[in-house]
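Here is a short briefing to read alongside the model. Have the viewer open and follow each group of points in turn.

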Amino acid sequence: MSDTARASRSPMAAPRSFLWSRRIFLTLLTGFVLLPVYVMLSSSLKPLEDVSGKFRWVPSGPTIRPYIDIWSTVPLARYFVNSLIVAGAATACSVTIAVFAAYAVSRYRFAGKRVFTVTVLSTQMFPGILFLLPLFLLYVNIGNATGIALFGSRGGLILTYLTFSLPFSIWMLIGYFDSVPRDLDEAAMVDGCGPLGALFRVVVPAAVPGIVAVAVYAFMTAWGEVLFASVMTSDETRTLAVGLQGYATQNDVYWNQVMAASLVVSVPVVAGFLLLQRYLVAGLTAGAVK
């Protein structure tokens with residue numbers, strides 16, 4: 001390296017060896033992440049006999065037939081609608097309840113506040129399978145006593161997913177609301193806002209990144225869950241995570257359709273991340289008091 005090049009480099013700049021090592025590592029990591037996606041894509045464009053035989057990196061005869069057959073082999077459209085309804089409703093309920101609960105814990109003092117916070121957080125220590133049988137018996141008994149069909153219904157599955165996403169959502173939003181200065185609430189109340197007005201006009205806009213992160217977490221929890229969906233649903237309310245098993249029969253497995261369906265059901269999640277990624281990394285609370 002010449003003296004001019006050395007002089008042009010900032011004394012705080014990272015060494016070139018570090019930069020090249022980082023580029024190589026990120027390239028390998030990107031390849032490691034994208035390789036399964038490529039295998040899924042290439043397999044979804046192959047006839048079944050090609051997928052069942054020796055693996056080929058490049059399809060010899062690409063076809064979009066698997067993307068057409070996935071809708072008739074199993075009722076994928078119905079599963080898709082069920083997943084959207086269940087995941088969307090669970091997300092909306094989780095975010096709405098978590099916003100009010102977290103605001104109350106963050107802004108008010110009441111008896112049992114610490115016990116409530118610890119209890120909410122401690123629910124995350126138990127594996128979900130421990131709640132499977134109790135919820136099953138609870139839903140069946142409620143249905144027998146009241147006639148409200150929770151077992152095998154979308155409503156029962158939504159309530160089930162709330163038991164997992166809501167505690168973490170509340171705990172996460174408590175930390176976000178604590179980071180919003182209380183002076184903003186007081187200023188809003190001086191201007192004539194009540195507690196709810198201060199919440200929706202000041203606190204919620206400042207905590208948008210946290211609310212979006214909670215919404216993404218709740219949606220992902222409901223969208224890809226398999227254990228409870230396989231037990232708590234019927235043929236009419238089955239979700240995508242369970243419905244994909246329909247491509248495996250006693251005689252064969254339609255691997256090309258499985259790959260095609262997996263890519264199709266990933267579209268809402270990928271699209272959601274692309275639309276909301278700027279909120280996930282934005283520091284709106286840092287500029288709230290400027």
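Two residues are in contact when heavy atoms lie within 4.5 Å of each other. With that in hand, the packing of helix 10 can be read: its buried residues pack against helix 5, helix 8 (154–179), helix 9 (182–190) and helix 11 (208–223). Please keep in mind that this is a predicted model.

**Helix 10 and its partners**

- Helix 10 covers residues 195–206, which makes twelve residues.
- From its first C-alpha to its last, helix 10 reaches 15 Å, close to the 16 Å expected at 1.5 Å a residue.
- Which residues of helix 10 are buried? They are A198, L199, V202, V203, V204 and A206.

**S106, a buried serine**

- S106 lies in helix 5, which runs through residues 76–107.
- Is S106 buried or exposed? Its relative accessibility is 2%, so S106 counts as buried, the cut-off being under 20%.
- The side chain of S106 makes a polar contact of 2.9 Å with the side chain of R107.
- Setting aside neighbours within four places in sequence, S106 is in contact with I174, F177, D178 and R182.

**Salt bridges**

- How many salt bridges does the structure hold? There are three.
- D69 and R65 form one of them, with their side chains meeting at 3.1 Å, N to O. Both sit in helix 4 (residues 65–73), and because they are four residues apart, about one helical turn separates them.
- In general, an α-helix has 3.6 residues a turn, so residues three or four places apart point the same way.
- R65 is partly exposed, at 48% relative accessibility.
- R78 forms a salt bridge with E236, and the closest N and O atoms are 3.7 Å apart. This pair links distant parts of the chain, 158 residues apart: R78 is in helix 5, while E236 is in the loop between helix 12 (227–232) and helix 13 (240–243).
- R78 counts as partly exposed, with a relative accessibility of 30%.
- The side chains of D235 and R238 also meet in a salt bridge, at 2.7 Å, N to O. D235 is partly exposed at 48%, and R238 is partly exposed at 25%.

- F25, L26, L29, F32, V33, L34 and V37 make a nonpolar surface patch of about 700 Å².
- One of these patch residues, L29, has its place in helix 2 (residues 16–44).
- Why does L29 count as partly exposed? Its relative accessibility is 40%, which falls between the 20% and 50% cut-offs, so it belongs to that class.

**I142 in helix 7**

- I142 is found in helix 7, residues 132–146.
- With a relative accessible area of 27%, I142 is partly exposed.
- Not counting residues up to four places away in sequence, I142 touches G147, I148 and L150.

Methods. Residues are numbered from 1 along each chain as its sequence is written. This is a predicted model: local features need pLDDT of at least 70, side-chain atom pairs count only at pLDDT 80 or more; totals for chains, interfaces and linings use all residues. Side-chain values use heavy atoms; hydrogens and water are left out. Helices (H or I, at least four residues) and strands (E, at least two) are DSSP runs, numbered from the N terminus. Buried means under 20% relative accessible area, exposed over 50%, partly exposed in between (1.4 Å probe, protein chains only). A polar contact is a pair of N or O atoms within 3.5 Å; within protein, one must be able to donate a hydrogen and the other to accept it, and residues adjacent in sequence count only if both atoms are side-chain atoms. The expected span of a helix is 1.5 Å times one less than its number of residues. Patches are made of residues with over 30% relative accessible area and no salt bridge: like charges are joined within 9 Å, nonpolar side chains (Val, Leu, Ile, Met, Phe, Trp, Tyr) within 5 Å. Accessible areas come from the Shrake-Rupley method with a 1.4 Å probe; for residues, only the protein chains shown count as cover. A salt bridge is a side-chain nitrogen of Lys or Arg within 4 Å of a carboxyl oxygen of Asp or Glu.
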